[in-house]
Amino acid sequence: MSMKKIMILAIAVASLGSCTKKLDELLVNPNSPAPELASARLYLTQVQLSFADVFSTASNSGGQYSRMYNMGQFTYLNASRPEGFNGIWSSAYTGVFKHVNALLPIATAEKNWVDVGIAKTLKAYTMMTMVDKFGDIPYTEANLGTENTNPGVEKGSDVYAKAIALLDEAIVAFKTTPVNAYPGSNDLFFGASNATGAGRWVTAAKLLKLRAYNTTRLVDNSAASKINALLADPEVTRSFTDASYDLDFKFSTKQANPNSRHPRYNANYQATGNAGDYMSTYMMWTLVQEKGSGSNNDPRTRYYFYRQTTTYASVDVNTASCAFSAPPSHYPAGPSAPYNLSPMPYCLLVSGYWGRDHGDGTGIPPDGNLRTTVGIYPAGGEFDANQGTRVSLNRGGQGAGVHPIWQRAFTDFLNAEAALTIGATGSPRTLLESGIRKSIAKVVGFPSAIGAPAPDPSLVPDAARIDAYVAKVLAAYDAATTNDQRLDIIMKEWYIAAWGNGHEVYNSHRRTGKPANVQLTKDPNPGSYSRSALYPASYVNLNQNAVQKASVASQVFWDTNPAGFIK
Amino acid sequence: MRKLTLFVCCLLFAITSVLAQTVVKGRITDPDGTPLSGVSVKIAGTQEGTMTAADGTFSLPVKDASSMLEISYVGYDRVNIRANNPNLGSLSMKQTPGAMQEVVVTAQGIRREKKALGYAVASVDKKQLELRPEADVVRLLQGKAPGVDILNSSGISGSGTNIIIRGVNTISGTSTPLFVVDGVPFDASTNSQANFQYGNTTSSRFLDLDPNSIESVNVLKGLSATTLYGELGRNGVVMITTKNGSNRRTNKKMEISLTQSFFVNKVANLPEYQSSYGGGFEQSLGFAFFSNWGAQFKPAPGPYDSVNHPYNTAALAAAFPQYQGKRYAYKPANSVERFFRTGLIRTTTVGLSTGIGTNGSFNANYTYMDDEGFTPGNRLIKNTFGLGGSVKLSNKFTFSGTFNYAITDFKSPPTGTSFGSGATASSVFGDLIYTPRAVDFYDLEYQNPLTKGSIYYRPSNDIQHPLWTVNNSFTGQKINRIFGNFQLKYDIMKNWNIMYRVGYDQYSDLNYYNQNRGGVDGGSDFVLGLHRTVNGYNTIWDHSIITDYNAELSRSWRLNLTAGVNSQERIYEQNGQRSTQQLVYGLFDHDNFIIHDNLSEDGSRLDFKSQFLSLGVFAQANLAFKEFLYVTLGGRNSWTSNLEKENRSLFYPSASVSFLPTAAFEGLRNSRMINFLKLRAGYSTSANFGFPYATRPVLNINTNTFVDRAGTILNSNSISNRLANPNLKPELLQEYEVGIEGRLFDNRFNFDFTYYNRDSKDQILDRELDPSTGFSVTSINAGSVRNYGIEIQAGVNVVRTRNWNWQVDVNYFQNRNNVSLPSDIKQIVTGGFSDEGTFAIDGKPLGIIQGIYFIRDSGTTAVNPAGKETGAYIVDNSGNYIPSTQIGILGDPNPDYKLTAISTLSYKGLSFRMQWDYTHGGDIISYSAGSVIGRGLSKDTDFDRQNMLILPGVKLDGSTNDVMTSASQAYFTNLSGFFATDVIVYDASVIRLREASLSYSVPASVLSRSPFGALSITFSGQNLWYNAPNTPKYVNLDPETSSLGVGNNRGLEYLTGPTSKRYGVSVRVTF
C-alpha cells in the first residue's frame, strides 16, 4: 500500500516539477507586448485619432439640434438617446484622457515638449467639449482604474477652469526648450516639424482659451476683459492674417487599411452609390434661398453641397412624400409654391437641393441616390458643377477633408459677438465682413489646398460675386434696428462659416438663441430642445454613482438662458 | 515497477505453494463479451470468495473440486458452477430483465455499477441517436437527458449549437461542458471569427462526431460526477463512447452493417402573409418602401394594377434594355416561400466489428453524410472514419486505442443580424422575411449584367437582393480532424492495475468568408468584395496515469481506490488574412484583392495564440458495505497556467453516498411492489481558473492606423481597455445533490428524482467598467450565481405482453438561478448590446433581458420580472408611445421548466416512437415578429387599414387616450419594436413534436436462411410540428433559436433565420 502511494507521489512530483516552469511561461500573453515598451509618440497618434472621434460625435449631434445637420427623429429626446453617446464617452476617457495621462510622464522625461503641449491642448478641448455636451462630468475621480470604478461627477464650471489651466500649461510646454524631437508627421494638425509648428500650437492654445471665455461669458463678469487681453496678444493677432494658423484636423485620401478619410465622406460617398445622410433642409435653404436664389445664393454653396440630381424629375410619392402634403400647420404661413421660399423652408428647395426637414422621423424612402450630400468643403467630397450624378467611392476630394476645430473666421465672429454683447473691443460690422471674407477665402481655396481637381473656373465665385454677397449681408446688418437683430445676422454668418463644426454652432445656439429663424420640427410637439445630452448608457448602466438627468432640458453651467429659449 | 511486480509474483507463489490448493480461474463477461469487474465469486456455504478484476478475471483457491461457486452481480442473474476445472474459461452472465443496475462509465473512464453512484447520470444509448436526420449529436440529445438544455442558433445545417447543463453558472466565463470521447477530452469550441452581428454560421466542433458511430452518451451533470476531471468538468461532462472505443469483445464472427438513409430538409416556420396591401405608407402606392403599409391590391377597391418597373430607369437602361418603358404588375407575390428549397440529406454508414480470438476486438466504421440545407447555398458534408481495437497480451499488458478522422465541409450564405431595417452585415435572412408583398424577386434579376452587382426593387439600390447573396456570398469551414487515444494497461495483480493513456485531438479549421464585389449591405469592405481566410489549429494533449485497486476488506466491506495524475494542454493558434476590394469579379484569391489586413469584420485580431495547461492529481475511494451502502470520497488538486503563481493551485474535494433500502432491509428484498429503491446524496466542489492572460497588462500595438496627406503611415500604441488584475484567484464551485430512484410494481414503473443546488462564488467575472474609469472591462473575483433545480425521469411500461410493448418515459427539468453582485456593481452585460441585451443583475436570474421600453403611467419599468405588465402606456400628443430614456427589465429568457414525453410502442418487429417536448416560459425579443408585424406583412395586420386607430393608453394628462393614428403609424412607430422593444417581447413557451419514427425489423426467423443477420427499415422525422401559443398567430415564430450564437445567453432574435423540419427513411442490414 505504502509503496503504491510513494509511486503515485513520485510520478506526481516528477511531472509537476517539470511543468511548473511551463506554468510560469504561459502567463505571458504571446499576442501583445508589455506596457513598459510603450512609446509616447505612438500614444500621441492614439490621442489625436480619439480626439477626432470625440469631435465627430459632438459635431454630429450638436449640428443636428441646431439644424446644421438633419435630425431624423420627431423629438429631441429620440435624437439624443443615451446609447448614442457611448462612443464619445469612451473616446474621451479611454481614448484621449487615458493616453494623454500615459504620454505626459514619458514625453516629459524625453523632453519632447511639443508632444506634451499637444496632448494637454487636445485634452483641454476634450474636457470642455464633454462639459458642453453633458454638463457635469467625472474628471478628478475619472481615469483612476481600479482605484475608483465608480467615478462621481464634478461641476462643469470646475472642469472648465481646469481645462483653461491645462491650456496655460500647454503654452508653457510649447515654449520650453530644448526640444528633443519634434512630432513632425505625427502631428495631424500642423505637422509640427519645428519651432514654427510649436508656435502655431501656442496660438491654437490661446485661441481655445479665447473660445472658452466667450462660451462661458454668460456666467463670467470678467469675460470681456479676458477676451480683450487675448485679442491684443501678438501670439493671437498673428493668426488673424495667416490661415496657416487654422486649427484643422486633416484627413487624407486613403480609403482602406487604414481608412483615413473624413467620416462624413465615408458615410456619404459609398460604393453602393448612395449617400448615407440627409442634408438639413434649413442649412441648405440658408445658403441657397434665404438671401435669394440663383446667382444671389451664397458663394460657398457649390463647395458645401453636392447634388446627386439637379432636377426634381425623380420626385414622386415614394421618394419625397412631403412634396405631396402641405407644410405642418404650426409652420408660419407663407408662399408655398412651387418650392417654399419663405419665411420657413419646407420639404423641397430649388434645383435639386434634396434634403429632409428638421425632426422628420418618418420611414426612409428609397432616395439614397437622390439626396444632396456633403460637398468638397470640409469633408473632401465633390464640387458641385451641376453633374447631377450619383456619389461613388472615390469622387471629388476623396475624403481629404478637415475637422474645422477653430479657424480665423471664427475668431472674427467671436469678436463681433463679444463686441456686440459684452462690449469687447472691435467693430461688429467690420468683424462681420472680415469673418465672411476669410471663410469664403478658405472655402474657395480648399480644393487646391487638399490637392483635389480644380473646379470649373466659370463656377468658382469671382471677387464681384463675393462682394455682392458681402454687400447683401452688410445691407441687412445696416438695416437692423436692434442689437438682437444685429447679433442674429452675425451668428447666422458664423453658423454658415462653421459648416463642419456642429459643436460650435450648438454652443452658440444655446448661448445666443441664434440663428433665430430656424426651421421648426415637423412634429408640433418635439419636447424640449436638447439643452444637454442625456448621459451615455455605458456610464449610467455601469457606474454606481451615475444619476441620469430628468430630461434633455437640463442646462449646462454656462447656459443661463431661460427654459424654452430655443425650439 | 518491475521489482514490484516480481515481489508480488513471489508473494503469490509463496502463498499458493504453502496452501497447496487448486486455484480455479475464470473470466466473467456480460452477454456482449464486456468484462465485468467486481463480480462476487464465492464458494457456496463458506465465507471464502473473491471479486473479479477490471478485466473480469478471477482466481480463487478451492480445496474441494466438488464445491459449487456462486457468481453474483447485481442486475445479473446469479450463476452457479461447479469448481471442477482449474480453468473455467469465459462465463457470461445474463442481465436480470428490467434491471437498471447497469455498469456506467464514470469520470476518467472508470466503470462503476450505477447503483453505487451517489449522483445522477443520464445515459442515452445508440438507439436514441442513430438513423436520425441530424448530423449534430448534441441536437439529438434535445429532451433526452433532464438537466441538459440545448438551443440551436438557427436551422442552417451545420450552424452552432448551445448546450448548457444544469444552468449557466458563470457570469462571464464559458458554460460549454467538457466533451470526453472514449475517455479523452475533445474540443467542443465554436471558433467564430467575428461577433454574432456578422452571423452564426460557425459550427460547434462536436459536429465532427458521427451520431451513427456512437455507442452511448453519458451526461455527468453534477460536480460529484465530474470532480476527477477537475475545473474542466465544472460545467458538466458529456462522455461519448464510440463503437470503436467501446472495446466490446464479441465472440461472434465478423459482422458488417450497412445503413442508408434519405431525408428531406424543409423550412419549418415562415410567416403567413396577408395579400391585401402592398409596399408603402399610409395606403399610398409605395412599391419601393421596406414597409408594407401601402395601397390595396386590385381587384376592387385597389386603385392600382401596376407600377413603374423598378429597372425602368435611365441608370439601368444599358443593363436592362428589355425593361425600359415597362410596367410591373402590382399584385401579391410569394417569393419568400419560393426562396426556400427542399434539401436532401443522405447518410451512408458502413460498420465492421469482429473479435480477435478471445483476447482482442476490432471495430471500424465509415460514415458519409451530405446534408443540404433548406436555404440555398447551405450544405454540410461530413466524412468520418474510425478504427478501434483492444488486445490483451500474454504479459498482463492490455493495449487499446482508437483513431478517428473527420473531414467536415460546411458552407452557408452569411446570416448577419438585422433589426428589421436592413442587415448589419451581409445576410441572407436580413431583409428576406419582410420583403414587401408586391415584390416578386424571382421576377427581378438579382445581378446587373454589366457590373455584376446586386440590383433590387429600390431605385436607390440599398437592399441586397437575397438571390445575389446566395450566389455571391459564401461562408464556411473546412475541418480536418484527428482524434483518439492509446492506452496501455498493466495488471499488477488480479485486483490492481495501472494504466497510461494519451489522448489527442488535433484539427485544422479553414474558416472563410467570401463575397464578390457588388453587394450592398455592410459597408464598403463588403460592397467592394471580401475574402477572409483563417486557419485555426487546435491541439489537445491529454496524458493520464491512473491506477485502480480493488480489495475485499472483509466479508461486508469492499474498497475500490483510484488515483491518478493528469496533464492537459490546450493550444489554439490561428492566423488569417482579410482582403478587401476584389479586382476581378468571381475569383477568391488573396492576390485578386487590393487591400490586405489581419483584422476581422468586428475588428478582432485574426492572428493570435492561446495556450493553457492544467495539471491535476486526483484520487477517489469507493467503499461498499454489503450490497446496499456505497460511499465515495474523492478530490483533486489542480494547477493551471491562467493565474499567477500564488493563486494557481486549488484543492477541491467531493463526497457522495448511495443507499439501497431494497437490498438493506429483509422485508423489502423480495417485494413485488418495490423492486428497487436507492437514496443518494452528494456534495462536491470544483474550480474555475478563468481564461488565459487576464493577470498581466498589455499594450495594444496598432500598426497602420492612419495615413496622413503626405502618405506617411502612422502607427499607434494604446493601453488595452482591459484592466489587468494580477490578484485574480480561482473561483470555487460548490454543489450538493440528493436523489431517489426506484422501480415499482414488478418493474413497470421507474423513477429518478434529483434535486441539486450549485453555488459559484467569487466568480471570475468580466466586469464592464464605465469608460470614465479609463478602461472598459476587467476581470475580478466577485458575485455569485446560484443554480438549483429538479430533474425527474420517470417511465411507465403501460403494456407488456408477448407481442405488445408500450413504454412511456417522461423527463422533467427545471432550473432556477439567481445572481448576487456586490453593491458597487450595478449590472453586467452578458450578451447582446449594452442598451439591449442580457444582463447579470443582483437578485435577478442570470441573463435577464433589458432594453428600451415604452413608458407607462405607473413606475418606469415596463415589465416586472414576473412578466406582468403594470400601468397603461403613456401616449404623447401625436398619439405615439414614448420610449424610455433608460433601459429596464423586459423579460427573463430562462424557461420555467422543460418537459419531454417519449412514447415507444412496439408490436413484434414494429416499433413506433414519438418524442414531444414542451418548454414553459422564458421570454424572447423577436425582431422577426416585430418586422413582419411592424411593417404590415403578416396576416396579423390584415385588417381594414382605412380606419384610424387609437392606441390603448393614457394621455400625458392622465386621461384615456383618444388621439387617432393611422394604421401605419400605430404599427410602424409603436408596435414594431423599432423604437422600444418591450412590444416585441414574447413568452417563448413552445410545444413540439421533436421526433417521430416508425421502424420495422424483419424477424430473425425470416432471415435465418438469408445472408442477412438483421434487416430493418425506419421512417423518421425531426421537428415535425410545433406551436408557440403566446407569439403572434401568423408570424409562426419558432422561439427555439438565438441570434447570440453559442454562449451563455439567449432570448434575442435578430432575424436569425428559420428552423428546419426533416423526415425520411433509413434501411439497415447486417451480414
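At what angle do helix H7 (residues 195–215) of chain A and helix H18 (residues 502–512) of chain A pack? The angle is about 30°, and the axes lie 11 Å apart. Axes here are lines fitted to C-alpha atoms, for helices over the stretch in contact, and angles run from 0 to 180 degrees between N-to-C directions. H7(A) and H18(A) are therefore roughly parallel to each other (angles under 35 degrees count as roughly parallel, over 145 as roughly antiparallel, 65 to 115 as roughly perpendicular and the rest as oblique). Helices (H or I, at least four residues) and strands (E, at least two) are DSSP runs, numbered from the N terminus.

This is a predicted model, in which local features need pLDDT of at least 70 and side-chain atom pairs count only at pLDDT 80 or more, while totals for chains, interfaces and linings use all residues. Residues are numbered from 1 along each chain as its sequence is written, chains are lettered from A and ligands numbered from 1 in the order in which they are written, and side-chain values use heavy atoms, with hydrogens and water left out.

In the helix contact (heavy atoms within 4.5 Å), H7(A) contributes Arg211(A), Asn214(A) and Thr215(A), which meet His503(A), Glu504(A), Asn507(A) and Arg511(A) of H18(A). The residues of this contact divide into no nonpolar, four polar and three charged. Ala, Val, Leu, Ile, Met, Phe, Trp, Tyr, Cys and Pro count as nonpolar, Asp, Glu, Lys and Arg as charged, and the others, Gly among them, as polar.

Turn now to the salt bridges (a side-chain nitrogen of Lys or Arg within 4 Å of a carboxyl oxygen of Asp or Glu). The count over all chains is 75. One of them joins Arg1062(B) to Glu134(B), at 3.7 Å from N to O. Arg1062(B) lies in strand S57 (residues 1060–1070) of chain B and Glu134(B) in the loop between strand S10 (121–125) and helix H2 (137–140) of chain B, so the pair ties together parts 928 residues apart in sequence. Arg1062(B), at 3% relative accessibility, counts as buried (under 20% relative accessible area; exposed is over 50%, partly exposed in between, with a 1.4 Å probe and protein chains only). Glu134(B) is also buried, at 10%.

Asp149(B) and Lys898(B) form a salt bridge of 2.9 Å, N to O. This pair links strand S11 (residues 148–152) of chain B, which holds Asp149(B), with strand S47 (residues 897–907) of chain B, which holds Lys898(B), 749 residues apart. Both residues are buried.
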